[in-house]
Amino acid sequence: MRIGCVLMAAGAASRFGSNKLLSTFRGIPLCEHAFRALPHEFFYRCVAVTGYDQVAQIARRYKYGVVTNFNPAAGASFTVRLGTRQLFDADAALFAVADQPLLKKESVKRLLALYRENPGRIVSLAYGERRGNPAVFPRAYFDELMSLSGDQGGSAVIREHPEALLLCQVEDERELFDVDTAKELESLSEGGPGGTT
């Protein structure tokens, strides 16, 4: 089964005040934690969608292909479309965000295993009933992902197909937190509750 990976790393991060993906968390750039949690050997093909040269350099170091997003202001849907287009020969695609530094490789491995046991379902990490990233979408949903607009992401497709969703539980809800502000990153670094889910 060919499962691809799209790492979404193109956001403008206006609430952060600087390029949050290159901000340091535990000694390395924030986005590098995502590449470590999503090793290329887990996937048929990996692409990082970004408009930042330094993020692209890190992506290549982790053997990811790079898709340049020249228009991050177009919203998450543009990033989703750019990534999906690279994986149209895959059976499924995992979509992940690059600002979720506590995501564990073991959780990703369990997510992929659950999808392989349930092909055709949309499988997402969750804590209880709270769904988070990443999520795996079967090829049957690629056309819908390609038709998203504005700041819509994969969540819009999931909302249209609640019956298809299968949740894969994480033990620590902080795995699902993504960082929006410098204060949240500081809190996460100090072992606090962190960002948003």
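In this predicted model, Cys31, Glu32 and Phe35 in helix 1 meet Val55, Ile58, Ala59 and Arg61 in helix 2. Sorted by class, the residues in this contact of helix 1 with helix 2 are 5 nonpolar, no polar and 2 charged.

- Two packed helices are described by the angle between their axes and the distance between the axes.
- For helix 1, which covers residues 30–37, and helix 2, which covers residues 53–61, the axes come within 10 Å and cross at roughly 25°.
- Because angles under 35 degrees count as roughly parallel, helix 1 is described as roughly parallel to helix 2.
- The handedness of the crossing between helix 1 and helix 2 is right-handed.

- Strands of a sheet pair through backbone hydrogen bonds, either parallel or antiparallel.
- Strand 4, made of residues 45–50, runs parallel to strand 5 and is joined to it by 4 bridges; in this pair, threonine 50 stands opposite threonine 68 in strand 5.
- Strand 6, made of residues 92–97, pairs with strand 8, made of residues 130–138, in the antiparallel sense over 4 bridges; here alanine 92 stands opposite proline 138 in strand 8.

**Backbone details**

- Most residues other than glycine have a negative phi, and most peptide bonds are trans.
- Against that background, the peptide bond from asparagine 133 to proline 134 is cis, with omega near -5°, and proline 134 is found in strand 8, the strand that pairs with strand 6.
- Arginine 26 has a positive phi of about 55° although it is not a glycine, and arginine 26 is found in the loop between strand 2 (24–25) and strand 3 (28–29).

Terms used
Residues numbered from 1 in each chain as written. Predicted model: local features only at pLDDT ≥ 70, side-chain atom pairs only at ≥ 80, totals over all residues. Heavy atoms only, no water. Pairing = 2+ DSSP bridges. Helix = DSSP H or I, 4+ residues; strand = E, 2+ residues; numbered from the N terminus. Axes fitted to C-alpha atoms, helices over the stretch in contact; angles between N-to-C directions. Parallel < 35°, antiparallel > 145°, perpendicular 65-115°, else oblique. Left-handed = near helix turned anticlockwise from the far one by under 90°. Contact = heavy atoms within 4.5 Å. Nonpolar A, V, L, I, M, F, W, Y, C, P; charged D, E, K, R; others polar.
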